[in-house]
Amino acid sequence: MVARKMVDTLYIEQQVADHARTAKIAGRYPKAKRVYIEHYGEVFNSHSQNFRLQKNNPALVLAAKQNKKVMPTPAQYETGGGAHYYFSHMLNCVYDCRYCFLQGMLRSANYLVFVNYEDFMSDIRDTALEHENDDKPAWFFSGYDCDSLAYEPVTNFADYFIDAFKGVSNSVLELRTKSTQIRSLLQRSAQDNVVIAYSLSPESIASEVEVGAPSFAKRLEALLKLQDKGWRLGLRFDPIVWHQNYVDDYQKTVEQVFNVLDANAIDSVTLGGFRLPKGFYKSMHKLYPEHWLFSAGLSDKSGMITYRKSIEDEVLANVGAMCERHISGDKLFAYSSFEGEAQ
């Protein structure tokens with residue numbers, strides 16, 4: 001479990017230097033060197049950085065998110081709601097998953113935390129108001145540019161936003177995670193408009209490519225605790241990693257999940273194949289040129305590196321069928337890189 005790495009250096013934007021959340025987070029690292037900066041981009045977007053070296057000892061950058069804070073998700077993303085949006089209070093992750101697009105998108109491996117949560121919530125409320133009369137709730141996803149819970153003891157992100165969502169009508173907050181940092185969730189009552197969604201992989205994959213993340217068994221244990229507490233749960237097999245024994249591995253994993261969890265209590269299950277923008281893929285391939293993950297079954301589809309269509313169709317169909325033995329089809333959502341193309 002990786003939740004609180006030692007931080008040697010804190011970079012703090014001048015505009016948030018006196019923010020109460022800055023003081024609280026910085027107070028966890030009393031021995032860290034503090035460097036005050038005008039804008040986080042001075043540190044985070046600098047060209048002279050080595051992602052792999054920084055990952056060994058990342059600094060923490062505290063800043064304010066400006067401009068647009070709530071973004072629409074790609075059109076094919078569905079979890080049973082109406083409009084879908086995402087927001088990112090943090091960039092980068094305490095884990096080091098080999099398939100993570102962040103290492104291809106970002107120059108820096110430092111942790112960037114935007115402390116102005118109140119501004120995020122203001123934008124979320126405004127966006128939710130646009131959908132207050134929709135038939136289905138608007139979903140707001142956290143956990144695409146970081147793990148929603150892994151840094152919770154430091155940021156208290158979930159604690160703040162779950163409370164804040166109590167007053168946002170016709171909306172759902174999804175916290176996507178691999179983390180077992182669920183103490184604060186177990187200490188509060190489950191909330192109807194919050195879904196805790198776990199990214200899951202067979203242990204053979206998790207142990208090899210999800211470096212630093214809790215094991216599959218630990219994640220399943222956390223899911224059971226959350227289910228017993230009454231939380232709405234999501235299961236995210238995304239990406240499904242195609243490999244020689246993937247059918248047996250995913251069959252075992254799906255059976256383990258539904259032998260432990262009550263299928264009726266699962267809010268949704270989503271499936272997706274390996275996919276990366278070509279530029280991100282090139283950067284990641286340079287980091288791990290020998291890793292099979294970046295060569296097995298891949299092709300270039302209009303600037304996106306994905307599994308070949310025949311492979312993606314196969315893995316989505318096979319793992320989907322495994323899940324449908326336990327849940328109804330209306331709870332299952334597959335993200336296809338080839339949506340709209342002839343089968």
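In what sense do strand S16 and S17 pair, and over how many bridges? Strand S16 (residues 298-301) runs antiparallel to S17, with 4 bridges in the pairing. Two strands pair if DSSP finds at least two bridges between them. Helices (H or I, at least four residues) and strands (E, at least two) are DSSP runs, numbered from the N terminus.

Before going on, a word on the model: it's predicted, so local features need pLDDT of at least 70 and side-chain atom pairs count only at pLDDT 80 or more, while totals for chains, interfaces and linings use all residues. Residues are numbered from 1 along each chain as its sequence is written, and side-chain values use heavy atoms, with hydrogens and water left out.

Back to the strands. S16 and S17 make a hairpin with 2 residues between them, and Ser302 in the turn has a positive phi of about 50 degrees. Leu298 has Tyr307 as its bridge partner in S17. S17 (residues 304-307) also pairs with strand S15 (residues 275-277), again in the antiparallel sense, over 3 bridges. There, Arg275 sits opposite Thr306.

Next comes helix H13 (residues 309-324), whose 16 residues reach 22 Å from first C-alpha to last, close to the 22 Å expected at 1.5 Å a residue; the expected span is 1.5 Å times one less than the number of residues. Its buried residues (under 20% relative accessible area, 1.4 Å probe, protein chains only) include Ile311, Val315 and Leu316. The buried residues of H13 pack against S17 and strand S14 (266-273), among others; contact means heavy atoms within 4.5 Å.

Finally, look at Arg176 in strand S10 (residues 171-177). Arg176 counts as buried because its relative accessibility is 7%.

Technical notes: Buried < 20%, exposed > 50% of the residue type's maximum accessible area, 1.4 Å probe, protein only.
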